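The exercises below are meant to be worked with the sequence and the model side by side. Try each task before reading its solution.

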Amino acid sequence: MKTFALLGFILAVSAAFAADAPHKLAYEQKDAVWVANIDGTGAKKIAEGQSPDLSPDGTKLAFNTVQAAGQPSHRQIAVADLATGKITVLKDIPSDNCMDAVWSPDGKQILFDYYTKNNAERRTGIVNADGTGFHDVQKSEPYKSYWAATWAADGQSIFAEDMDFLYQLDLNAKVLKKWKIEKIVPNGGMSGDVRMDASTDGKTLLMDVQMDEKARKGWDDAPAAIWTLDLSTGKTTRVTPKTFYAWDCHWLTPDSILCVSQAPGEDTASIYRMSLAGNARDRKLLVKDARLPGAAP
């Protein structure tokens with residue numbers, strides 16, 4: 001009886017884990033947004049576009065459209081219904097240059113960046129998933145260019161960086177917390193081309209960091225690494241080893257992540273999944289020649 005009880009418990013736990021585990025993968029590849037199984041199989045092109053983000057329930061994909069080659073910048077936030085294939089462009093946003101859409105934890109709003117004043121100012125906005133209720137996050141505070149904006153787990157604040165500091169801001173850009181980047185990650189820095197992702201329990205921020213380290217032969221940029229920040233203590237931990245250049249970080253499960261890396265000798269970067277411990281034996285290639293991975297149920 002004890003054996004059967006134990007087996008039943010194991011099966012129940014396994015079923016619960018399977019139900020909660022992500023099983024869809026979204027990514028960008030050659031100016032198009034795709035959705036696949038979590039192991040990279042069964043890939044389906046959703047639309048021409050960039051910076052895809054799956055809704056928390058896995059039913060919708062937010063992204064920004066792309067302009068035709070040689071045309072002036074014209075990018076809009078769009079939402080694809082994955083069941084019907086219908087794509088809705090959110091047209092009531094006062095900018096024709098929007099990018100980097102991120103779903104709120106409850107799936108009701110989308111955070112994004114956009115440009116105004118003839119692309120002279122980069123700002124942060126929020127809009128309802130149906131395109132209504134546009135809100136300029138920075139309307140009440142002095143203007144500052146923020147990058148890599150992403151939601152906090154509470155849905156009432158966001159994280160962003162200005163290349164010198166990492167911030168937690170409320171939805172009107174009031175500073176709630178502030179960290180000097182080079183202080184929390186010695187020899188580390190951030191640019192306008194990094195990514196951050198907050199854990200669903202609100203305890204940890206996953207973040208791309210560009211390291212001031214000796215780069216491998218043939219690598220012209222700063223070595224890229226992924227770190228975690230404990231939001232209560234301010235302690236940082238390096239996830240990826242120095243020999244594995246990685247960026248475009250995104251949580252997969254509480255103990256594993258998605259990332260992008262380019263191995264020595266390769267011309268393009270690819271998507272991997274790996275353990276939070278950074279163990280090379282747990283690293284798995286999912287999609288070649290792709291970027292900006294995300295996951296959802």
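**Exercise 1.** Is Thr-65 buried or exposed?

*Solution.* Before starting, note that this is a predicted model, in which local features need pLDDT of at least 70 and side-chain atom pairs count only at pLDDT 80 or more, while totals for chains, interfaces and linings use all residues. Residues are numbered from 1 along each chain as its sequence is written, and side-chain values use heavy atoms, with hydrogens and water left out. Begin by finding Thr-65 in the loop between strand 5 (60-64) and strand 6 (77-81), where strands are DSSP runs of E with at least two residues, numbered from the N terminus. Then take its relative accessible area, which is 16%; Thr-65 is therefore buried, a word that means under 20% relative accessible area, with exposed over 50% and partly exposed in between (1.4 Å probe, protein chains only). Finally, leaving aside neighbours within four places in sequence, list its contacts (heavy atoms within 4.5 Å): Thr-65 is in contact with Glu-48, Gly-49, His-74, Arg-75, Gln-76 and Ala-78.

**Exercise 2.** In what order do the strands of the open sheet of four strands stand?

*Solution.* The order is 21-22-23-24, with antiparallel pairing. The edge strands, each pairing on one side only, are strand 21 (246-253) and strand 24 (284-287). Inside the sheet, six bridges join strand 22 (residues 256-261) to strand 23 (residues 270-275), and Ser-256 stands opposite Ser-275 in strand 23.

**Exercise 3.** What is the mean pLDDT of the chain?

*Solution.* The mean pLDDT, the predictor's confidence in each residue from 0 to 100, is 91 for the chain, and 91% of its residues reach 70 or more. Over residues 1-19, however, the pLDDT is below 50, and this stretch has zero contacts in the model beyond near neighbours in sequence.

Definitions and conventions: Pairing = 2+ DSSP bridges.
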